[in-house]
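Please look over the sequence and the model shown here before reading the report.

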Amino acid sequence: VLLRTFFPVLPTGCMELSSSTMGGRGVHCSDRHYGIPSNLIQHMPGRDMGDGWETARHPDRPSIWVKNEETGLLDSNLMDFCILKLGSVSKEGGVRRIVLDTRHFRGNYPESAKVEGCYIVNDAHIPDHEIEEQYKESWFTLIPRSRLGPDSLHVYDADLDQIESCEGRKVSHVKVTIYPDGGLSRVRVYGFGDDVCYSRL
């Protein structure tokens with residue numbers, strides 16, 4: 001999924017559900033040392049690292065990392081997360097593409113990331129910082145923990161079976177978990193929603 005030059009054509013009516021121009025917003029995060037989640041869903045590409053979301057290094061990072069023999073990823077549960085509310089709820093099976101953008105992050109990009117979805121009918125009565133905890137049993141995997149690279153677009157397509165749990169599920173919020181820490185420039189979620197909006201990758 002790194003730096004693909006070919007992307008399957010998105011179906012007619014598919015839009016950027018996460019975009020701030022559609023009402024998407026950053027809800028909550030575990031760390032906002034160098035940026036806020038709302039930066040991730042801006043319409044324009046990131047200008048620099050300061051225009052994204054980056055977390056501080058975990059103080060208990062080991063001096064030597066050990067890789068999991070089965071996955072090839074770091075054998076560590078150290079992580080940070082952010083929650084984004086989509087500007088338009090996806091219809092059932094509506095999430096068709098997810099982009100994790102690490103552009104500008106070269107030495108401080110996350111080793112890997114996981115993306116989960118959740119459908120909340122009405123979150124108006126829930127404080128932003130409580131959404132993750134109150135709905136911890138409701139999150140389902142869209143992208144399992146996957147390796148990321150520096151300064152790259154990581155594109156996942158449902159049509160290429162790179163997104164899980166697509167069929168029969170609505171999505172109103174996404175949770176992006178990064179391991180062990182680091183920065184992202186943009187997160188984009190494309191799919192079928194309630195309104196028509198045009199946005200670019």
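The report below goes from the whole chain to its sheet and its core.

## Basis of the model

This is a predicted model, in which local features need pLDDT of at least 70 and side-chain atom pairs count only at pLDDT 80 or more, while totals for chains, interfaces and linings use all residues. Residues are numbered from 1 along each chain as its sequence is written, and side-chain values use heavy atoms, with hydrogens and water left out.

## Overall fold

The protein chain holds one helix and eleven strands, where helices (H or I, at least four residues) and strands (E, at least two) are DSSP runs numbered from the N terminus. Along the sequence, their pattern is β-β-β-β-β-β-α-β-β-β-β-β.

Buried residues, meaning those under 20% relative accessible area with a 1.4 Å probe and protein chains only, make up 50% of the 201 residues.

## An open sheet

Four strands form an open antiparallel sheet in the order E1-E11-E5-E8, with strands counted as paired if DSSP finds at least two bridges between them. Strand E1 (15-16) and strand E8 (153-157) stand at the edges with a single partner strand each, so one side of each is left without a neighbour in the sheet. E1 and E11 pair over two bridges, and Met-15 stands opposite Gly-191 in E11.

## The nonpolar core

A nonpolar core is a set of buried Ala, Val, Leu, Ile, Met, Phe, Trp, Tyr and Cys residues joined through side-chain atoms within 4.5 Å. The largest has 30 residues, and Ile-98, Leu-100, Val-115, Ile-163, Val-174 and Val-176 touch the most other members. Several strands each supply at least two residues of this core, including strand E5 (95-101) and strand E9 (171-179), and E9 gives the most, with four residues.
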